[in-house]
Each structure stands twice: as structure tokens, then as C-alpha cells.
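Biologist: I've got this one open on my screen and would like to talk it through. Could you walk me around it?

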Amino acid sequence: MAGQQPGASRFLRTTGQHAVIEPDPFTDGGFVLSIGGAEQSHVNLADPADIFYEYLRRIGHVVDLAAPWGEPITALHLGAGALTLARYIQATRPGSVQYAVELERELLDFVLAQLPLPEGTELHPVIGDARDALAGLPADLRFDVVILDIFSGPEAPEHIACTGFYQEAAARLTPRGVLIVNVGDEPGLTLVRSQIAAMRRTMADVSAFAEAGMFTGRYPGNIILTGTQGPWPEVWTAALTARGPHPARLLAGVDLDALAG
């Protein structure tokens with residue numbers, strides 16, 4: 001496909017690391033984005049609705065429930081990566097309007113050049129800090145889903161991992177909108193607990209969705225937090241648990257209290 005260069009590399013000035021995009025030898029049409037030698041994203045150009053990473057598939061399943069199946073939505077991605085979820089939304093909800101915020105200008109340019117978006121995608125790239133960019137969007141712009149995917153460990157940016165930021169993000173939601181936060185954390189889940197507390201101060205209800213073993217607090221990994229503007233829909237618990245990836249578990253309401261502490 002035009003624009004693809006196996007093993008293409010780009011230096012990222014903000015972090016001083018190199019981003020590399022290479023073909024996935026196990027997936028036809030698949031590519032892997034690595035930053036500083038660590039795998040960061042996976043995309044399937046042949047089938048953008050196919051999501052390889054489990055935590056991103058869980059986010060995709062939440063997005064599936066945010067509006068009737070196939071209906072276009074407005075989406076804000078805070079943390080762009082290889083735009084895996086933006087591709088998924090375009091594939092499953094053609095006509096959606098999406099914004100993607102990325103701190104690394106070189107990374108977003110690199111990804112868009114090497115891994116073209118599906119035809120017809122309406123994506124507005126924004127370069128900058130997630131909180132600053134959120135404040136800089138047009139005042140009347142609202143989103144059905146706001147997805148935050150920048151936490152990769154317990155040392156999260158304090159100005160984003162806080163109640164004030166979630167209040168600003170929630171103010172950007174449509175009446176049906178949901179706030180989805182991927183929290184990558186270490187054993188003990190200190191960051192997860194703090195983000196549940198911060199989101200609960202902002203949203204009417206919050207759920208935590210992950211591989212079942214993550215809730216023991218013994219392993220590093222990802223937990224997906226979803227904030228809703230009304231009571232958590234119980235039918236979503238059954239739907240998300242059934243969709244997996246398995247083994248899957250979702251905690252909401254009093255079930256989440258033990259994890260929240």
C-alpha cells in the first residue's frame with residue numbers, strides 16, 4: 001500500500017526516542033508501532049475493526065454500547081498512538097467525527113504518513129498536552145465518547161490524573177456521552193484506586209472492566225474505567241463480560257467499592 005515502508009523510523013523530539021513502524025509477520029495487513037523499543041500500538045489496515053491488544057478491544061466494546069450499533073458518533077481521543085480506536089470507530093460507525101490529541105507532533109505525522117486512515121475518515125488531529133488541548137477546542141464541541149489513553153504506570157501526569165481534569169472532560173460530553181479511561185498500573189493498583197475516586201467525584205457512576213485476575217491487585221496491567229452521566233446500565237455489565245476478551249470481569253456500584261478502598 002502506498003506510503004508504507006517496512007521498518008520506517010522517526011525521531012521524536014519531545015521524548016528523544018525513536019518511533020518505528022514494522023509489518024506484523026503474523027497478521028496480513030498488520031503493523032506494529034514501537035517507541036523506544038517497546039511495542040505501543042498495533043493496527044490492521046486490512047481489517048481496522050480487528051483490534052489486537054486486549055485492553056483496546058475492551059475500550060472498543062464500551063464504544064459499541066455508547067450509541068445504537070452503526071450510528072455515527074463524535075469521539076475525542078486523548079493520546080493518539082497509531083489511531084487504532086479511531087480506525088475502529090470509522091470501520092464500525094462510518095461518518096463519525098473524531099478528534100485526536102497527541103503531544104508528539106512527529107509521532108502523529110509519522111503514523112498518518114505510514115499507516116493511512118480508512119477512506120472517508122473525518123479525523124481532526126490536535127498537537128499538544130491533553131488538558132491544554134481540551135480547553136482549546138471550540139466551546140460548543142461535544143462528544144459521545146471521550147477516551148483517555150495516556151496512563152502507562154503509576155507515575156501519571158498530576159494535572160491529568162485528577163478530579164479537575166475529569167470535570168473538564170465531562171463538560172465536553174453529549175447527554176449520552178461516556179468518559180473512558182485506560183489506566184495502566186502496577187501491583188497494588190494505586191493509580192487505579194485514585195482514578196476511580198477522582199472519576200466518582202465527577203461522573204454519576206463509574207465501572208472498572210479488565211481481565212479478571214487484574215482485580216486481585218497482584219499483577220501489572222490495564223483496567224478500563226468508564227464514567228456515565230446516569231446510573232450504570234446493568235445490561236452493559238452482562239454485555240461487556242460476555243464480549244471479553246476472556247476471562248473478563250466488570251465491577252460497578254457496591255462491587256467497585258472494595259477496589260476503590
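Predicted model: local features only at pLDDT ≥ 70, side-chain atom pairs only at ≥ 80, totals over all residues.

Biologist: What volume does the largest pocket have?

Modeller: The residues lining the largest pocket number 47, and the closest to its centre are Gln40, Asp149, Ile150, Phe151 and Ser152. Elements giving two or more residues to that lining include H1, helix H2 (84-92) and strand E8 (143-151). The volume of the largest pocket is about 1100 Å³.

Biologist: How many residues in the lining of the largest pocket are charged?

Modeller: The lining of the largest pocket has 22 nonpolar residues and 17 polar ones. The charged residues there number eight.

Biologist: You mentioned H1 and H2. At what angle do they pack?

Modeller: Two packed helices are described by the angle between their axes and the distance between the axes. H1 passes H2 in a right-handed crossing. On the H1 side, the contact is made by Leu56, Ile59, Gly60, Val63 and Asp64, and on the H2 side by Thr84, Leu85, Tyr88 and Ile89. The axes of H1 and H2 lie 11 Å apart, and the angle is about 35°.

Biologist: What distance separates the C-alpha atoms of Asp47 and Tyr88?

Modeller: Tyr88 is one of the H2 residues in the contact with H1. Along the chain, Asp47 and Tyr88 are 41 residues apart. Their C-alpha atoms are separated by 8.9 Å.

How values were computed: Residues numbered from 1 in each chain as written. Heavy atoms only, no water. 1 Å grid on protein atoms, 1.4 Å probe; cavity = no way out; pocket = protein on both sides within 12 Å on 5 of 7 lines; lining within 4 Å. Points joined across faces, edges and corners; volume = space filled by probe spheres on them. Helix = DSSP H or I, 4+ residues; strand = E, 2+ residues; numbered from the N terminus. Nonpolar A, V, L, I, M, F, W, Y, C, P; charged D, E, K, R; others polar. Axes fitted to C-alpha atoms, helices over the stretch in contact; angles between N-to-C directions. Left-handed = near helix turned anticlockwise from the far one by under 90°. Contact = heavy atoms within 4.5 Å.
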